[in-house]
Amino acid sequence: MSTLCFITTCMGRLTHLRQTLGSVVAQSDSSVVVVDYSCPDACGDWVEATHPGVRVVREQGNTHYDQARSRNVGARAAVAEWLCFCDADILFDPSFALAVVPHLRPGHYYRPDRLDDWGTWGTFVCTRADFERVGGFDETYQGYGDVDLDLYDALEQVGVRRQDFPAVLLRHLPHTDDDRVRFYDNKNRWQNCSINRLYRIMKYDALRMQGQHLTAPMRENLYRVAIACVNTATNVGQLRPVNVEFGETELPGGWVVTRSLTFRYHRPAGPGSV
């Protein structure tokens, strides 16, 4: 069994995968999983023909790309103590595994040491045990933005601490926003980022208040609130107060406590703002 398994997903990104997968396969003491997420270019066929040592997992019948679900599918197929998640447009230096693996320690997850190239933000390494402990990626998210940041939040919540690896070991292949949103309903990348960012903030504020992870229905309700809130703020440009109820708890003596949070959101000033 390899020490490190690289997991990448592809839906309509075969052009990028052709340029990057070789750099992943060449890493030492590593295995690779590629998720063909209903790729219209049948990327799985190309991978099997070109890199027969790579494990291909096919998820058919999807019309929209779901980053969280596709990465969870890849993780379940991986066989390694450590998992490295990366997008199809990430090119690895030949020495990546040699430089990173000797420094991996339980209780930590690993990200690039510079975040000036946001295209590499979603590339990280963590243990399979920690990934499973936090439930993997939150599949409540839709569209573009913050799925990876949410996972980092989840790891931090259970005491897994961030460590860095040299960002120079990665290179992000440039491409247009059209490529990013091609298989999403919402084609406005920044609006979708705002929805996902607001959901993430509300989710972890609620988690701290609840003292436990939110159920799927709670998360889905929060996400609907985030969509409505951002859409309203985008349309009218006004402050949008939102009250979210989390039910009632009966205490000894007949007291009933209603748990709720109030959030305020306004239209972001520019790209990436929340």
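Reader: So buried means under 20% relative accessible area, exposed over 50%, and partly exposed in between (1.4 Å probe, protein chains only). What share of the chain is buried?

Author: Buried residues make up 50% of the 274 in the chain. This is a predicted model: local features need pLDDT of at least 70, side-chain atom pairs count only at pLDDT 80 or more, and totals for chains, interfaces and linings use all residues. Residues are numbered from 1 along each chain as its sequence is written, and side-chain values use heavy atoms, with hydrogens and water left out.

Reader: Where is confidence lowest, and where is it highest?

Author: Strand β11 (residues 256-265) is lowest at a mean of 54, and strand β7 (residues 124-127) is highest at 98. Over residues 267-274, pLDDT stays under 50. For that stretch the model has 15 contacts (heavy atoms within 4.5 Å) beyond four places in sequence.

Reader: How many helices and strands are there?

Author: Nine helices and eleven strands. They are DSSP runs numbered from the N terminus: helices are H or I, at least four residues, and strands are E, at least two.

Reader: Switching to α1 and α2, at what angle do they pack?

Author: Helix α1 (residues 14-25) packs on helix α2 (residues 43-50) at about 20°, with the axes 10 Å apart. That makes the two roughly parallel, because angles under 35 degrees count as such. Which residues meet? L14, L17, R18 and L21 from α1 meet C43, W46 and V47 from α2.

Reader: On to helix α8. Is Q191 buried or exposed?

Author: Q191 has 17% relative accessibility, so it counts as buried. Q191 sits in α8 (residues 189-210).

Reader: What does Q191 touch?

Author: Not counting residues up to four places away in sequence, Q191 touches N186, V230, N231 and T234.

Reader: Which residues is N196 in contact with?

Author: Leaving aside neighbours within four places in sequence, N196 is in contact with Y141, Q142, G143, Y144, G145, D146 and Y223.

Reader: Last one: what share of contacts between residues at least 6 apart join residues at least 24 apart?

Author: In this chain, 72% of them do.

Definitions and conventions. pLDDT is the predictor's confidence in each residue, from 0 to 100. Axes are lines fitted to C-alpha atoms, for helices over the stretch in contact, and angles run from 0 to 180 degrees between N-to-C directions. Angles under 35 degrees count as roughly parallel, over 145 as roughly antiparallel, 65 to 115 as roughly perpendicular and the rest as oblique.
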